[in-house]
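Hi everyone, thanks for making time this morning.

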There are 2 protein chains.
Amino acid sequence: MERALEEKTVNGVHVMDLQATIEAVRHNPALGQSRFQIKNRWMGRALNRTTIGDFYVAGQMRKHKTALILDNDEAEVLLGEDRAANPVEYLLHALAGCVTTTTVYHAAARGIHIRTIETEIEGELDVQGLLQTNPQVRTGFQNIRIKMKIDSDAEGEKLEELKRLYQFSPVLGTLTRPAQIQFQVETK
Amino acid sequence: MERALEEKTVNGVHVMDLQATIEAVRHNPALGQSRFQIKNRWMGRALNRTTIGDFYVAGQMRKHKTALILDNDEAEVLLGEDRAANPVEYLLHALAGCVTTTTVYHAAARGIHIRTIETEIEGELDVQGLLQTNPQVRTGFQNIRIKMKIDSDAEGEKLEELKRLYQFSPVLGTLTRPAQIQFQVETK
């Protein structure tokens with residue numbers, strides 16, 4: 001940590017703020033509990049629109065600086081109009097972003113300077129599950145392959161540590177150890 | 001199905017195209033195999049940018065009509081600059097979009113006319129896992145609660161069926177039955 005503390009930011013991350021966050025949660029574990037929320041509205045056909053909601057972190061409800069609006073659509077071959085990425089592509093985007101930021105933050109805390117991170121992800125699924133032409137086929141991704149290339153100043157043991165930091169990613173964690181999901185449908 | 005076939009579109013979905021897709025996959029299950037891919041590049045701090053790639057469906061590689069670019073960021077309290085939604089919010093967006101489109105398409109195939117779908121999702125996670133202040137705490141979401149409100153013309157058995165259609169969602173399937181994940185990190 002010596003090197004990191006000499007600098008205000010590492011990887012663009014304010015190291016003192018990061019350390020303060022880590023220490024606050026270490027001393028008061030209840031501060032770790034967070035909640036994120038969204039609302040989504042169907043817009044016709046394969047188009048639907050999400051508004052990202054307020055979120056709860058470090059013991060308080062918080063607002064985003066600006067309204068964050070996201071659209072889902074499907075390509076024409078999948079019967080949509082291709083005006084936005086589709087839900088499974090957003091899932092891969094979420095995964096890429098999460099393993100990247102997790103790596104960048106943990107590297108910053110360790111004083112590792114990252115020059116570039118490039119990540120490629122591909123996921124395979126069989127739409128027999130979605131279409132229910134064969135209910136034995138799983139509906140979700142069968143395989144997800146991730147290739148992450150990191151250029152940094154880490155060497156030796158630090159480099160080996162760097163290569164494992166992605167493992168702390170919340171999105172990756174959600175994909176490997178399922179959350180408890182409560183689904184409620186109201187109709188009128 | 002009688003009602004659906006009388007109309008060109010139900011819920012904006014071209015019913016003949018949907019039926020043709022379902023029948024094609026039923027008769028040639030290999031057509032179900034699909035692949036989606038993205039590339040992501042770190043832009044500094046918590047910002048990273050995804051380019052949605054070409055995709056493979058119905059036996060062919062396909063291109064999106066336009067370039068689809070997505071950014072991840074983190075709120076200031078999470079040490080970013082809040083220029084975009086964060087990865088766990090994108091995950092919830094993907095889930096909302098997928099259960100919506102899955103419901104809309106399956107309803108269209110059954111001749112159920114949907115007027116509105118509104119979905120609220122909240123997910124709880126404990127950042128002790130991400131920060132590794134307590135490695136016993138899971139990194140991912142603990143709980144995800146989904147409330148979906150559907151207004152449609154379905155009644156009786158059709159209505160009960162409508163309420164279960166979300167279950168065929170690929171994103172939901174990925175969150176309940178983990179994919180095989182291969183993670184490869186290259187460094188230089």
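In chain A, Val15(A), Leu18(A), Gln19(A) and Ile22(A) of helix H2(A) meet Tyr105(A), Ala108(A) and Ala109(A) of helix H3(A), where contact means heavy atoms within 4.5 Å. By class, that contact has six nonpolar residues, one polar and no charged. Here Ala, Val, Leu, Ile, Met, Phe, Trp, Tyr, Cys and Pro count as nonpolar, Asp, Glu, Lys and Arg as charged, and the others, Gly among them, as polar.

This is a predicted model, so local features need pLDDT of at least 70 and side-chain atom pairs count only at pLDDT 80 or more, while totals for chains, interfaces and linings use all residues. Residues are numbered from 1 along each chain as its sequence is written, chains are lettered from A and ligands numbered from 1 in the order written, and side-chain values use heavy atoms, leaving out hydrogens and water.

Helices here are DSSP runs (H or I, at least four residues; strands are E, at least two), numbered from the N terminus. H2(A) covers residues 15–27, and its axis comes within 9 Å of the H3(A) axis, crossing at roughly 95°. Axes are lines fitted to C-alpha atoms, for helices over the stretch in contact, with angles from 0 to 180 degrees between N-to-C directions. The two helices are therefore roughly perpendicular (65 to 115 degrees; under 35 is roughly parallel, over 145 roughly antiparallel, the rest oblique).

Over in chain B, H2(B) and H3(B) pack at about 95° with axes 9 Å apart. Val15(B), Leu18(B), Gln19(B) and Ile22(B) of H2(B) touch Tyr105(B), Ala108(B) and Ala109(B) of H3(B).

Now, between the chains: at what angle do H3(A) and H3(B) cross? Roughly 170°, with the axes of these two helices, residues 87–109 in each chain, coming within 8 Å. H3(A) and H3(B) are therefore roughly antiparallel.

How do the copies relate? Chain B can be laid on chain A by a turn of 180° and a shift of 0.0 Å along the axis, with an RMSD of 0.0 Å (least squares on C-alpha atoms of residues with pLDDT of at least 70 in both). That is the relation of a two-fold axis.

Finally, confidence: the model scores ipTM 0.96 and pTM 0.96. Chain A has a mean pLDDT of 96 (the predictor's confidence in each residue, from 0 to 100).
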